[in-house]
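The sequence and structure come first.

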Amino acid sequence: MDFNMKKLASDAGIFFTRAVQFTEEKFGQAEKTELDAHFENLLVRADSTKNWTEKILRQTEVLLQPNPSARVEEFLYEKLDRKVPSRVTNGELLAQYMAEAASELGPTTPYGKTLIKVAEAEKHLGAAERDFIHTASINFLTPLRNFLEGDWKTISKERRLLQNRRLDLDACKARLKKAKAAEAKATTVPDFQETRPRNYILSASASALWNDEVDKAEQELRVAQTEFDRQAEVTRLLLEGISSTHVNHLRCLHEFVKSQTTYYAQCYRHMLDLQKQLGRFPGTFVGASEPASPPLSSTSPTTTAATMPVVPSVAGLAPPGEAALCLEEVAPPASGTRKARVLYDYEAADSSELALLADELITVYSLPGMDPDWLIGERGNKKGKVPVTYLELLS
């Protein structure tokens, strides 16, 4: 108990000394040890990294989960070390409502059939969104969160220790400065005419006491300087590790972009397939006597506005009023052919189109009057129309 009381009293004295030193520095009544410019730059960069990491983390969480209540619920589950329950995405919920509506309104009607097709696409979109959220959370959010909850807390702790060591060092400097001033005053030679002999003895005794105080202050200053230098080196190493943090976050950012690219590519492919399927449904928006997908070269605004946009049809090869071109009779131009890499698998809708396999190389070219969304593709002795959106033109 006695030992604890002594330690408590010592800690209280140190805290009081630091508080006095800090207050005097704020009022400009005490000198402050300044850190070198490189160290200050490291501190600024670390603070900037922490602040922007927090902002990016919060906004990415909003992007992945716009519902604030759901984010709070997930946060509580994480703090309680419990598994976050599976949540239905908005696309999957919409698909469920559309499927139920089709079942009740009539799955054999044009509206019901369209609802079923759209529900299937929305279900695929919801599944792709779920995979994207899961991948982004693991590869991007988790590393950012680990930095804020792990590395940054360690850096903050060492910075607080460095601040305390600096206050101790400056307090020792101030104490030594006062002791030297008092020693110089005590060793001043008195006037023999005005000073009694008894005062010589007191003056010599005071001088010896201040000499001891100066020696003690110098010893404390050396210890404080050693502890400050050691803590400054530890903090410097941690701050220089921010460069490694940037490299790690850069890798995570690439992973995030990759997963986001995959997600949007899947959504684009699903919607293209849906649009293609809906374009084959007769009388989707207009009567059965109207074509479901009129030629894009048609200039009638009424027809264009009343018909749902679909992947351009085969009729886009020929201008209105002219017969469609026979692909077997079409010869490639002398110049203007290019190589293209296929991005996704494509199933030909009819004999005028060319089926594609992902990553294969084909030769493509365009013909006068042809729809700009389509090209003529050749693979060996096979020839047919191919959609531009499924290709990456190489040369």
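The text below covers the overall fold, the nonpolar cores, and then the aromatic and charge-over-ring contacts.

**Overall fold**

The model is a predicted one. It contains 8 helices and 5 strands, and along the sequence these follow the order α-α-α-α-α-α-α-α-β-β-β-β-β. The protein has 395 residues, of which 31% count as buried. Taking contacts between residues at least 6 apart in sequence, 68% join residues at least 24 apart. The exposed surface comes to about 25,100 Å², with carbon and sulfur atoms supplying 58% of it.

In soluble globular proteins, nonpolar side chains tend to be buried together. Here the largest nonpolar core has 34 residues, and Phe132, Phe140 and Leu239 are those with the most contacts inside it. At least two residues of this core come from each of helix 2 (37-64), helix 5 (110-186), helix 6 (197-240) and helix 7 (242-279). Helix 5 gives the most, with 16 residues.

Which residues does Phe132 touch, leaving aside its neighbours within four places in sequence? Phe132 is in contact with Leu64, Phe256, Ser259, Gln260 and Tyr263. A second, separate core has 19 residues, including Ala265, Ala340, Ile362 and Leu367.

**Aromatic pairs**

A search of the whole structure finds 7 aromatic pairs. Two of them are listed here.

| Pair | Centre to centre | Angle between planes | Class |
|---|---|---|---|
| Phe147 and Trp152 | 6.4 Å | 50° | tilted |
| Tyr263 and Tyr264 | 5.0 Å | 50° | tilted |

Why does the pair of Phe147 and Trp152 count as tilted? Planes under 30 degrees apart would be stacked and those over 60 edge-to-face, with the rest tilted; the planes of Phe147 and Trp152 are at 50°, so the pair is tilted.

Phe147 and Trp152 are both buried.

**Charges over rings**

Two lysines are placed over tryptophan faces. Lys55 lies over the face of Trp52, at 4.5 Å from the ring centre. Lys385 lies over the face of Trp374, at 4.2 Å from the ring centre.

Methods. Residues are numbered from 1 along each chain as its sequence is written. This is a predicted model: local features need pLDDT of at least 70, side-chain atom pairs count only at pLDDT 80 or more; totals for chains, interfaces and linings use all residues. Side-chain values use heavy atoms; hydrogens and water are left out. Rings of Phe, Tyr and Trp (its six-membered ring) pair if their centres lie within 6.5 Å; planes under 30 degrees apart count as stacked, over 60 as edge-to-face and the rest as tilted. Buried means under 20% relative accessible area, exposed over 50%, partly exposed in between (1.4 Å probe, protein chains only). A charge sits over a ring if NZ of Lys or CZ of Arg is within 6 Å of the ring centre and within 35 degrees of the ring normal. A nonpolar core is a set of buried Ala, Val, Leu, Ile, Met, Phe, Trp, Tyr and Cys residues joined through side-chain atoms within 4.5 Å. Helices (H or I, at least four residues) and strands (E, at least two) are DSSP runs, numbered from the N terminus. Contact means heavy atoms within 4.5 Å. Accessible areas come from the Shrake-Rupley method with a 1.4 Å probe; for residues, only the protein chains shown count as cover.
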